[in-house]
Amino acid sequence: MTEQAADSYDFQAIQDRWLPVWEELKPFEVPNAGSDKPKKYVLDMFPYPSGDLHMGHAEAFCFGDVLARYWRGRGYDVLHPIGWDSFGLPAENAAIKRGVDPREWTYANIAQQKASFRIYAPSFDWSRVLHTSDPEYYKWNQWLFLKMYEKGLAYRKASWVNWDPVDQTVLANEQVLADGTSERSGAVVVKKKLTQWYFRITDYADRLLDDLDALEGHWPAKVLNMQRNWIGRSTGAEVEFEIEGREAKVPVFTTRPDTLYGATFMVVAPDSDLAAELAVSASPEARMQFQEYLTETQRQSEIDRQNADRPKTGVFLDHFAINPVNGERIPVWASDYVLADYGHGAIMAVPAHDQRDLDFAREFELPVRVVVDVRDETGESLPDPLESGVATAGDGVLVNSGPLDGLRKAEAIARAIEVLEERGTGRAAKTYRLRDWLISRQRYWGTPIPILHGAEEGNAGEMRAVGASELPVRLPASEGLDLKPKGSSPLGAATEWASVTDAAGTAWTRDPDTMDTFVDSSWYYLRFLSSQDDTQAFDPTAVNAWGPIDQYAGGVEHAILHLLYSRFITKVLHDLGYLDFEEPFSALLNQGMVLQDGAKMSKSKGNLVEFASELGEHGADALRVTLAFAGPPEDDIDWADVSVQGSAKFLARAWRVAGDVASEAGVDFAGGDATLRKHTHQLLADAPGLIEHYKFNVVVARLMDQVNVTRKAIDAGAGAADPAVRESAEAIAVILSLFAPYTAEDMWAKLGHRPTVALEEWPAADPALLVEDEVTMVVQVNGKVRDRLTLPASVTEAEAEAAARASEAVQRAIGDREIANVIVRVPKIVSIALR
RNA sequence: CCCCCCAUAGCCCAACCGGCAGAGGCAGCCGACUUAAAAUCGGCACAGUCUGGGUUCGAAUCCCAGUGGGGGGACCA
């Protein structure tokens, strides 16, 4: 080491010094059995291997790592694994574009990301690494599918599905954005009727919704809100309407069974089976009109359909329904404002009290009957909706409603349900916005669905699950397969792979579809406990010992999809008896985005900050400190607002403090400078709470403050040999190791200790050093600060008040006015109110 | 249209249960060191908390209304 290197901070030299040492020590490998320490499972959402790591990864993995390192410092065994979410469309599309094997492309990217992670140095347990595209992993994906299939939770149905015309595959509802475009390709999604595999997530809708309550305070409020909206439970009643000339009754869902007497017509979705059936028995003109209308609505894009301002359209279906409560005969219409896949695809229309129904009634001159007397604040009845064009949806007293008359809305809803149940024509019911999870994809780079379809006359239409002993169903080589999107799965063309003859000589064809990659990521956290185990998906004993995940960290872009699916699969595995917990993620941290000049970074905008170049230029520590210090982790970071050089400057200052310490390691701190010791112990006392509340930026600020104070003590106070200086430097190294592991390790070595500071337990704050012997109390007169009193910490309320009254400045402020009230809050304030 | 979150120095952000608006940083200015610059060190200055009401002895903090920004849902019966 040259003289120069010894006293100037060189991040490259420090990285080069410690990386090999850590790789030798493997300090973050934790056996499943752990030790006798308590356990924490800290997980970052695993990355997708599209190219190298980017700044978003840098941020996410920084925060996860701070928490993992924190809990280690607090005396826990911490499991902090890493893997790759390596199946999926982007890899496949990129592979098509470059004419390479998706497998090669994917694993090359993984290798690159691993190399970047090595330098960035999150405290991963590398012995547990997994890739979802390994047969050793997706075998268990198939196992999971078969478990779901056995339980009736995986099923096939023909339905209108979201079709991405660019990627040429179906999409889950969750993958279609609000504007009707695909979240992946950006193409306008169209509807296609196809037979597809689904997971029955709607069976779990109530639990998925209700169990969110227990996560309150541990998950971001925003994510809870989004999940609740997504599940979208409505409570009300199912009412059965008879349709003249039809055997079976038609159920409709309503949140307002109290308004049944106001139902003056029925509307069915044009693309529903019921509409088609009713049209068959309608008059020829009505049938023709309906056909035209149906064609018209199906031409509409999702975007047009979602435009709420457009006028109501519809056709009369030439049928009448009977209102079960009053026997009234009401016309049945078809209109696209009723959705086929929500509720029962049919509604009872109450135009007086529902705006959509009113708009429709006014358009087609259907009757409007007020059954709830809704009043405004002055007690005046609101105007008749037919005239005003405004439906009255609020609370009020029921009228024109037979037995419900005189009841208020809530009572009337309850009573209406009772009436329906007594008569057997309805019941209380709930319905959800959430739909079953469509999991089949017509693409190559995913987990093959382990199902065989009958391929000869004798077994045509039959389905058979692949036996557990035959798993995994491996993906065939991509060589010779046309991976280009063409609307059917590339695997179907792999005839040799797809054709199967069983022991009895019967011919079968493999299901050609692959699973949505969200299946892969819905349970990966369980696999980390036994990523090499080829006898089971996961080890229930180990999983129950470590799980659920104590701290999950990742992007808010997964607020619905990934988190909802993981919660669902966790509940299923709980119900199957594998898990003793029902929620996978006890606490969740969502980091914000890294922006540049207020905009999302992208190559096309030319505002990309490259992770690799930042890492090379400033080093891992400066980058991590910058990200942690930029602000609250859940806020977006604008790279234009931060200074990586500033972080580097701070690290150099901290590092020099350690180098200046002149006392020996192991020296007794007790005799050290009291002021500095107090400062150090205040930091030690505050840091845990700050970290646990994700206030990383505040902890970094406190470390800067501690470095500044220590610098002053060395240069102008106690001096470099004072034990308090060593105590402070050691505390800085230990806490700084969460953010800047290399620098902290080097400081630790300079302070005469052996690696690694990452496994060092935090020194305890000494309560005796935290008590102040003097306090400053503020005296306010009529809310204005008039004096500051320095008083002993043991001061009583009466003494403080006396001192305040004795103050000259206070007396001047009071003058000759009378004191109305004196409030004393030791040790903060004396507040004097004048009359 | 409905729901949720946010607003503090030029900028990024702190401020516990309502109790002195400032912990830290960036940018700025002055000075020390230097032949000079960089780095480093020392110092300085900067807001009364988006607006308007209310509660309180006391409000950045609680309540109401609004403005601006962000997010979610939305023809969901």
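The second largest cavity has a volume of about 30 Å³. A cavity here is a set of points on a 1 Å grid over the protein atoms alone, where a 1.4 Å probe fits but cannot get out. The volume is the space filled by probe spheres set on those points, which are joined across faces, edges and corners. This is a predicted model: local features need pLDDT of at least 70, side-chain atom pairs count only at pLDDT 80 or more, and totals for chains, interfaces and linings use all residues. Residues are numbered from 1 along each chain as its sequence is written, and side-chain values use heavy atoms, without hydrogens or water.

Which residues line the second largest cavity? They are Pro 257, Leu 260, Tyr 261, Val 325, Pro 403, Leu 404, Ala 416 and Val 419. Lining residues have an atom within 4 Å of a point. By class, this lining has eight nonpolar, no polar and no charged residues. Ala, Val, Leu, Ile, Met, Phe, Trp, Tyr, Cys and Pro count as nonpolar, Asp, Glu, Lys and Arg as charged, and the others, Gly among them, as polar.

Turn to the largest cavity. The structure holds two cavities of 30 Å³ or more, and the largest contains about 150 Å³ of space. Its lining has 17 residues, with Gly 88, Leu 89, Arg 441, Asp 516 and Thr 517 nearest the centre. The lining divides into six nonpolar, six polar and five charged residues. E6 gives the largest share, three residues. Helices (H or I, at least four residues) and strands (E, at least two) are DSSP runs, numbered from the N terminus.

E6 also belongs to an open sheet of four strands, in the order E6-E5-E7-E17, with antiparallel pairing. E6 and strand E17 (437-438) stand at the edges with a single partner strand each, so one side of each has no neighbour in the sheet. Two strands pair if DSSP finds at least two bridges between them. Strands E5 (residues 154-164) and E7 (residues 190-199) are joined by 10 bridges. Ser 159 has Leu 194 in E7 as its bridge partner.

Last comes helix H22 (residues 674-692). Its 19 residues should span 27 Å at 1.5 Å a residue, and its end C-alpha atoms are 28 Å apart, which agrees. The expected span is 1.5 Å times one less than the number of residues. H22 bends by about 30° at Asp 686, and Pro 688 follows within four residues. The bend is the angle between axes fitted to the seven residues ending there and the seven starting there.

Technical notes: Chains are lettered from A and ligands numbered from 1 in the order in which they are written. On a 1 Å grid over the protein atoms alone, a cavity is a set of points where a 1.4 Å probe fits but cannot get out, and a pocket is an open set with protein on both sides within 12 Å along at least five of seven lines; lining residues have an atom within 4 Å of a point.
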